[in-house]
Amino acid sequence: MCTENLLTIHTSTDRPNIRLCVWKIKYTLLSYADLGFLIPLDWKHSDPLPPKFLIFFDDIQDAIGAARYLQSQLLLELRDKIRWFNSDMTTKFKEAAVTDLISGDVIGLCTTEAPLVNIKVEQGMDIPDIILVIQWKATCKLSTLWQRWGQAARDQQLQGTAILLAEKEHFDDTREEKRCRQEVRKRKAKVKVTGAIQPAAKRRIITGRSMGGVVK
């Protein structure tokens with residue numbers, strides 16, 4: 001390679017316009033209630049719709065279940081604005097869903113990783129105005145997480161938010177509570193075992209002398 005024909009470009013991969021958050025999942029996993037903040041219970045038809053979002057899952061059934069939960073929070077005529085999106089769908093359907101997301105006819109997708117790289121809309125899902133990207137559960141590799149979060153705010157003029165909704169067992173306070181419970185159970189079990197093997201108390205021998213009499 002001739003150095004005079006070589007062009008070197010240095011560019012940063014830093015994304016200062018994306019705010020990173022880690023939230024603990026508080027409700028049961030199958031309820032998907034921790035996603036309820038996207039569409040509040042008191043949402044009315046006159047209220048603005050949420051900004052564009054992507055929620056990433058590592059299980060197709062989770063993506064479908066979450067989409068159905070979010071759809072149930074919307075009025076019937078608006079439920080098509082949130083869809084699930086996965087590798088089981090036809091290419092035609094997936095391309096239509098991404099096109100609708102770009103145009104704003106769809107505001108959010110509950111999606112898995114597999115279908116994204118083959119969508120013929122520029123490069124992957126390079127949609128500039130996705131404001132919120134959520135990873136559901138800490139089930140993917142760190143490199144995959146960064147790639148998914150990178151879908152937020154591709155327009156550098158926008159401020160995006162990336163959230164990891166992680167299971168309780170990944171948090172220090174939950175682990176400490178579990179350790180304390182285990183210690184309490186161990187102490188209780190030890191006391192119970194010690195009490196079981198301890199010799200019975202010696203009975204007091206009653207003699208005539210102890211009763212004030214004379215033993216013959």
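**A buried strand and its aromatic neighbours**

Y32 is buried, at a relative accessible area of 5%. W136 counts as buried too, with 1% relative accessibility. In this predicted model, the rings of Y32 and W136 make a tilted aromatic pair, 5.6 Å from centre to centre and with 45° between the planes. Y32 sits in the loop between β1 and β2, while W136 belongs to strand β5, so the pair ties together parts of the chain that are 104 residues apart in sequence.

Zooming out, the chain has four helices and six strands, arranged along the sequence as β-β-α-β-α-β-β-α-β-α. Of its 216 residues, 36% count as buried. The accessible surface comes to about 14700 Å², and carbon and sulfur atoms account for 56% of that. Among contacts between residues at least 6 apart in sequence, 74% join residues at least 24 apart.

Strand β6 (residues 160–166) is mostly covered, with seven of its seven residues buried. In a regular strand, side chains alternate between the two faces of the sheet. In β6, G160, A162, L164 and A166 point one way, T161, I163 and L165 point the other way, and all are buried.

β6 has pairing partners in β1 and β5. Strand β1 (residues 18–24) runs parallel to β6 and is joined to it by seven bridges, with I18 standing opposite G160. Strand β5 (residues 132–136) pairs with β6 over five bridges, also in the parallel sense, and here Q135 stands opposite L164. To get from β5 to β6, the chain passes through helix α3 (residues 142–149), and this β-α-β crossover is right-handed.

As for confidence, the chain averages a pLDDT of 83, and 82% of the residues score at least 70. Residues 120–124 fall below 50, and this stretch has five contacts in the model beyond near neighbours in sequence.

Methods: Residues numbered from 1 in each chain as written. Predicted model: local features only at pLDDT ≥ 70, side-chain atom pairs only at ≥ 80, totals over all residues. Heavy atoms only, no water. Helix = DSSP H or I, 4+ residues; strand = E, 2+ residues; numbered from the N terminus. Buried < 20%, exposed > 50% of the residue type's maximum accessible area, 1.4 Å probe, protein only. Contact = heavy atoms within 4.5 Å. Areas by Shrake-Rupley, 256 points an atom, 1.4 Å probe, with all protein chains shown as cover. Pairing = 2+ DSSP bridges. Right-handed = clockwise from strand over helix to strand, strands pointing away. pLDDT = per-residue confidence, 0-100. Phe/Tyr/Trp six-rings, centres within 6.5 Å; stacked < 30°, edge-to-face > 60°.
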